[in-house]
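Please look it over with the points below in hand.

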Amino acid sequence: MSTRLDGKVALITGAARGQGRSHALRLAQEGADIIAVDICDQISTVNYPMSTPADLDETTKAVEALDRRIVAKIADVRSRDALQAAIDAGVNEFGRLDIVVANAGVSPLGADAPSVAWLNTVAVNLGGIINTLELSLPHLKSGASIVCIGSMAAFMGSLESAEAGPGAAGYGHSKRAVARLVNDLARNLAPKGIRVNAVHPGNVDTTMVHNDEIYRLFRPDLDNPTYDDAKDVFAAFHGLPVDLIAPEDISDAVAFLASDASRYVTGLQMRVEAGALLKSVPPGVPD
Ligand SMILES: NC(=O)c1ccc[n+]([C@@H]2O[C@H](COP(=O)([O-])OP(=O)(O)OC[C@H]3O[C@@H](n4cnc5c(N)ncnc54)[C@H](O)[C@@H]3O)[C@@H](O)[C@H]2O)c1
């Protein structure tokens, strides 16, 4: 495994499980020490199980098994005080911060969600990223790399519908805003030598999409659909023949953007969406 992140320290939000854990392990494998943050609790408007303290412990043990150091803290990215305390604890321990992966997110899809799900979703997916970046920035020096996790949903208005509900609408709003934030913040931080990029996944194999609510949304014709019933719908989003992308495939992109291998890449909207957006003319491609 490469050691291109040796001596670096990476903050990762939403690191208890799913893609966040995969990013933590990948960056640790490449030599980074990790500051891991996760809410490890349920948000009432989120209609699938969120992470637990045991999940964050598992991430901690897995990073330590790679002989890397980790400071893991339970914190809600909506709480600036909790996030500040977590970042302070990590920077005090490791003495620096080089990489920020703003990954924490929620996606409460479904017509039954209350209207406030729109706001909760935006508060986590956009507000949480703003908090994470604002509190990290004082520690970042020239050469630092920020990676924000967006979604193919940023570029697909069609994901929003009455059936998908207010959580889906908030999800689309927040991810579009993240894409724009990355562009504009990258322009602002470029003179300081700090890079800001986005990774936009397609459907990824995590609890966020592996849950009964999504199966029901994708197969409204069935009473109790399973993943197998919904599999073809997941695949239909993508151009390449794959139903769910592995978290490790997203981590490959994150590790590239975190490392100096991408030292002249900033403001990039990097789609790891198995060609989902090729069905129309994707953003950034001349008509
Ligand atoms: N799974 C997909 O298909 C998919 C597709 C596109 C984009 N994404 C994005 O990828 C990112 C990671 O999602 P995932 O697929 O690993 O899902 P996941 O639900 O497995 O992981 C998300 C993690 O974020 C944490 N989290 C949520 N709200 C938080 C908060 N307020 N404060 C701190 N932590 C919080 C959760 O507890 C969980 O551990 C999200 O930003 C998501 O929107 C996911």
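1. Helix α1 covers residues 18–29, which is 12 residues. From first C-alpha to last, α1 reaches 17 Å, close to the 16 Å expected at 1.5 Å a residue. That expected span is 1.5 Å times one less than the number of residues. Helices here are DSSP runs (H or I, at least four residues), and strands are runs of E of at least two, numbered from the N terminus.

2. This is a predicted model: local features need pLDDT of at least 70, side-chain atom pairs count only at pLDDT 80 or more, and totals for chains, interfaces and linings use all residues. Residue numbers start from 1 along each chain as its sequence is written.

3. α1 is mostly covered, with 11 of its 12 residues buried. Buried means 20 or more other C-beta atoms within 10 Å of the residue's own; exposed means 12 or fewer, partly exposed in between, with C-beta atoms placed from the backbone. The cover includes β1 (9–13), β2 (33–38) and α8 (247–258), among others. Gly31 follows α1 and has a positive phi, near 115°.

4. The chain is divided into domain 1 (9–207 + 247–269) and domain 2 (210–243). These bounds come from an automatic or database domain assignment. Their centres, taken over C-alpha atoms, are 25 Å apart.

5. The largest nonpolar core has 89 residues. Such a core is a set of buried Ala, Val, Leu, Ile, Met, Phe, Trp, Tyr and Cys residues joined through C-beta atoms within 7 Å. Helix α5 (residues 165–189) gives the most to this core, 9 residues.

Technical notes: Contact = placed C-beta atoms within 7 Å.
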